[in-house]
Amino acid sequence: MVELMANGEQIPDYFCSHYWGEGVLNFRRSLAQHAADRGLEEKSGWYNGEHAPHPGYLGGRSAQYWVCAYAINQHKVGEELTGGTSLKDTPFYRALQLSKGTVSVLSLIHI
């Protein structure tokens with residue numbers, strides 16, 4: 001899906017692991033809450049008792065999350081996951097290496 005929507009390379013800020021049964025709107029809300037909780041769009045904030053520049057500030061843009069369901073062509077999963085001879089050749093490994101961190105989105109139903 002990304003290749004249809006983006007006009008260039010999309011470097012992820014966060015690798016997202018999620019429950020595939022979660023509704024898309026709840027999933028999106030979870031990621032928006034993650035960005036808000038981390039202050040990713042804030043230039044500065046309180047850290048260790050001092051007001052300082054935010055270390056995770058993204059320059060005013062929204063966080064970019066790598067989500068396999070959207071980043072991997074679901075019609076060519078086999079091709080995309082077996083493109084190389086090592087785990088390091090998989091999209092998951094590359095996304096994890098490029099990301100600043102990971103986010104796990106859990107289902108409220110199973111908690």
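This report looks at charged, aromatic and cysteine side chains in one structure. The model is predicted.

**Salt bridges**

Side chains of opposite charge can pair when their charged atoms come close. The structure holds 2 salt bridges. In one of them, Asp13 meets Arg61, at 2.7 Å from N to O. Asp13 lies in the loop between helix H1 (2-5) and E1, while Arg61 lies in the loop between strand E3 (50-53) and E4, so the pair ties together parts that are 48 residues apart in sequence.

Asp13 also forms a salt bridge with Lys100, and here the closest N and O atoms are 2.8 Å apart. This pair links distant parts of the chain, 87 residues apart. Lys100 sits in the loop between H5 and strand E5 (101-105). Shared partners join Asp13, Arg61 and Lys100 into one network.

How exposed are these three residues? The table gives their relative accessible areas.

| Residue | Relative accessible area | Class |
|---|---|---|
| Asp13 | 1% | buried |
| Arg61 | 33% | partly exposed |
| Lys100 | 55% | exposed |

**A buried charge without a salt bridge**

Glu22 is found in the loop between strand E1 (14-18) and helix H2 (24-38). Glu22 is buried, yet it has no salt bridge. Leaving aside residues up to four places away in sequence, Glu22 touches Phe27, Leu106, Ser107 and Leu108.

**Aromatic rings**

A pair of aromatic rings is described by the distance of the centres and the angle of the planes. The count comes to 4 aromatic pairs. One of them joins Trp66 and Phe92: the ring centres are 5.2 Å apart and the planes stand at 70 degrees, so the pair is edge-to-face. Trp66 belongs to strand E4 (residues 65-67) and Phe92 to helix H5 (residues 91-98), so the pair ties together parts 26 residues apart in sequence. Trp66 counts as buried, at 12% relative accessibility. Phe92 is partly exposed, at 29%. Together with Phe15, Trp66 and Phe92 form one aromatic cluster.

**Cysteines**

A disulfide is a covalent bond between the sulfur atoms of two cysteines. How many disulfides does the structure hold? The number is 0. For Cys16, the nearest cysteine sulfur is that of Cys68, 8.6 Å away. A disulfide needs the two sulfur atoms within 2.5 Å, so Cys16 is in no disulfide. Cys68 is in no disulfide either. Cys16 is buried, with a relative accessible area of 2%. Cys68 is buried too, at 13%.

Terms used
Residues numbered from 1 in each chain as written. Predicted model: local features only at pLDDT ≥ 70, side-chain atom pairs only at ≥ 80, totals over all residues. Heavy atoms only, no water. Helix = DSSP H or I, 4+ residues; strand = E, 2+ residues; numbered from the N terminus. Buried < 20%, exposed > 50% of the residue type's maximum accessible area, 1.4 Å probe, protein only. Lys, Arg positive; Asp, Glu negative; His and termini not counted. Salt bridge = Lys/Arg side-chain N within 4 Å of Asp/Glu carboxyl O. Contact = heavy atoms within 4.5 Å. Phe/Tyr/Trp six-rings, centres within 6.5 Å; stacked < 30°, edge-to-face > 60°.
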